Amino acid sequence: MTNRPELPPEIARRRTFAIISHPDAGKTTLTEKFLLYGGAIQMAGQVRAKGEARRTRSDFMQMEKDRGISVSASAMSFDFEKFRFNLVDTPGHSDFSEDTYRTLTAVDAAVMVIDGAKGVESQTQKLFEVCRLRDLPILTFCNKMDRESRDTFEIIDEIQENLAIDVTPAAWPIGVGREFMGTYDILRDRLELMDRADRNKVAESIEISGLDDPKLAEHVPAHLLEKFLEEIEMAKELLPALDHESVLNGSMTPIWFGSAINSFGVKELMDGIGTYGPEPQVQSAQPRHIAPEEKKVAGFVFKVQANMDPKHRDRVAFLRLASGHFERGMKLTHVRSKKQMAITNPVLFLAADRELAEEAWAGDIIGIPNHGQLRIGDTLTEGEALRVSGIPSFAPELLQACRAGDPMKAKHLEKALMQFAEEGAAKVFKPTFGSGFIVGVVGALQFEVLASRIEMEYGLPVRFEASQFTSARWVHGAKDAVEKFAAANKQHIAEDNDGDTVFLTRLQWDIDRVDRDYPDVTLSATKEMM
Ligand code: GDP
């Protein structure tokens, strides 16, 4: 990834990113502070608390309340200095799912938040690896420095070793735990002092001229200063200096130290995202890639949130604009169906509010209310038959049979399951033999979530039971080869929700057998959503 100098200024100022972290590291708190400094909300606390007044302001907010979910938090836009930030939320549950992966296809960078006392935790590591697959630039925020934390070198070493990425300090902490008093901003040669008394106050900045500036001693007690100078000396010797190109290609991460809850270090991080983070990037697509500066609008759906209103069955598709300047009312071609869609009510999510998006630029995320036409992986263009690639669908790791409590309601069940399949919440397979459905998910918790949503949104009690199958593989090959294979293995064959052929089994041996006996077909654990 490189920054492309020729981007129009409106596009060049956009930074679209996600936060990756382990639960409890401080993602929500940091998001609130981002919004606070982005001027999007008046007071921190609204992301979590969301005043009742705000919630009831529109029906939409009421739906969110009923569902107990926060839809507007799926994508948030705010301005900071000359930048427009688009923060895309990664699903919060600890069950790692495709949802998360797809969310990361819609961003150009990730902010990795770690807890200074805990270092790199399991969920962070998993999410990092997903970012690595796309060489996403990563900016790191080491949070909770106001508490007892690990030694700075130890934290940096751990990131370098566990994640195999170069780490360059953008700031260096002064004092630890109760003695933590702030950081030295290496990039700007400044001292940032934390105010423990006022959590919403922006840190005091003191310009200094080099590490031998006597001003340092005026502000930092001698015993802390001595240790700090020793450490920073060592850091300069042992750690690489910031190299913008390496940050952009994902091989180096700058690290900031702070305390989100004390509003400390957040502005410096935001400034870092703006200054060192990537502009909107080229999107891979077939038959050609899409560059952000192209005049014509193109975008792709990376998330669908369905049933926001159980009565109306409406959905919002989240579209990442890959190119151009979008204006409300535009007619775009839905490439999969070749149909035109007038985008009359696009939504932009500004913190706790949502607004009609009069316009949007490459890099932005807009929500498009629709009745089910838009699915994950769909591309919208001004006519050209482009299809964004790289949004995968994974073979589920857990399969269960799903039955309606009332057998007369099987048709309703099918409708409900198809709906969730399109939303990307589950894979649904209809075996050629027997009745019923096999539902596949990536994390066990998803079965419970599905059962309760089907009951709530469709008034349909369902049971999930052990299935005779444990693995699903998509069958690829020429049409007649796939048909021949399916005919010979009927007991194992199902259709997925797109009508594609799937091989179900409980034995790895079966998969090996197919590989050996049917050279004309291949079984795979992923398929591209198109
Ligand atoms: P999330 O699960 O990653 O979204 O984490 P939250 O933002 O909800 O934070 C988890 C807990 O850590 C909450 O109790 C926060 O108040 C607390 N927390 C967040 N940032 C800081 C910080 O800088 N210092 C301290 N001491 N606590 C923090």
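Two strands are said to pair if DSSP finds at least two bridges between them. Helices (H or I, at least four residues) and strands (E, at least two) are themselves DSSP runs, numbered from the N terminus. By these terms, strand β26 (residues 427-431) is joined to strand β30 (residues 493-495) by 2 bridges, and the two run antiparallel. Within this pair, K430 stands opposite E495 in β30.

The structure is a predicted model, in which local features need pLDDT of at least 70 and side-chain atom pairs count only at pLDDT 80 or more, while totals for chains, interfaces and linings use all residues. Residues are numbered from 1 along each chain as its sequence is written.

**The chain as a whole**

The chain contains 16 helices and 33 strands. Of its 530 residues, 45% count as buried. A residue is buried if 20 or more other C-beta atoms lie within 10 Å of its own, exposed if 12 or fewer, and partly exposed in between, with C-beta atoms placed from the backbone. Two residues are in contact if their C-beta atoms, placed from the backbone, lie within 7 Å. Among the contacts in the chain with a separation of 6 or more, 71% are made by residues 24 or more positions apart.

A nonpolar core is a set of buried Ala, Val, Leu, Ile, Met, Phe, Trp, Tyr and Cys residues joined through C-beta atoms within 7 Å. The largest such core has 101 residues, and A110, V111, V301, L319, L321 and I366 have the most contacts inside it. Leaving aside residues up to four places away in sequence, V111 touches F17, I19, L139, F141 and I273. A second, separate core of 32 residues includes L413, V428, F437 and I454.

I273, one of the residues touched by V111, is also among the buried residues of α12. Helix α12 (residues 266-276) is mostly covered, with 8 of its 11 residues buried.

**The sheet of 8 strands**

An open sheet of 8 strands has the order β28-β25-β27-β26-β30-β31-β29-β32, with antiparallel pairing. Its edge strands, β28 (462-466) and β32 (522-524), each pair on one side only. Neighbouring strands of this sheet are turned by 40° against each other on average, direction ignored; axes here are lines fitted to C-alpha atoms, for helices over the stretch in contact, and angles run from 0 to 180 degrees between N-to-C directions.

Strand β27 (residues 437-441) is largely enclosed by the rest of the structure, because 5 of its 5 residues are buried. In a regular strand the side chains alternate between the two faces of the sheet. In β27 both faces are covered: F437, V439 and V441 lie on one side and I438 and G440 on the other. β26 and β27 form a hairpin with 5 residues between them, and G434 in the turn has a positive phi of about 80°.

| Strand paired with β27 | Bridges | Bridge partners |
|---|---|---|
| β25 (residues 398-404) | 5 bridges | C402 and F437 |
| β26 | 3 bridges | K427 and G440 |

**The sheet of 4 strands**

Another open sheet has 4 strands in the order β7-β8-β9-β10, with antiparallel pairing. β7 (171-174) and β10 (204-207) stand at the edges with a single partner strand each, so one side of each is left without a neighbour in the sheet. Neighbouring strands of this sheet are turned by 25° against each other on average, direction ignored. β7 is joined to strand β8 (residues 182-185) by 4 bridges, and I174 stands opposite G182 in β8. Helix α10 (residues 222-238) lies across β7 and β8, running at about 155° to β7.

**Surroundings of the ligand**

A residue is near a molecule or strand if its C-beta atom, placed from the backbone, lies within 6 Å of it. Of the 16 residues around the ligand, K27, T28, T29, S259 and I261 come nearest. Helix α2 (residues 27-37) gives the largest share of this shell, 3 residues.

**Backbone exceptions**

Most residues other than glycine have a negative phi, and most peptide bonds are trans. D24, although not a glycine, has a positive phi of about 85°; D24 is placed in the loop between β1 (14-21) and α2. D24 is exposed, with 12 other C-beta atoms within 10 Å. The peptide bond from Q286 to P287 is cis, with omega near -5°, and P287 is in the loop between β12 (285-286) and β13 (298-306).
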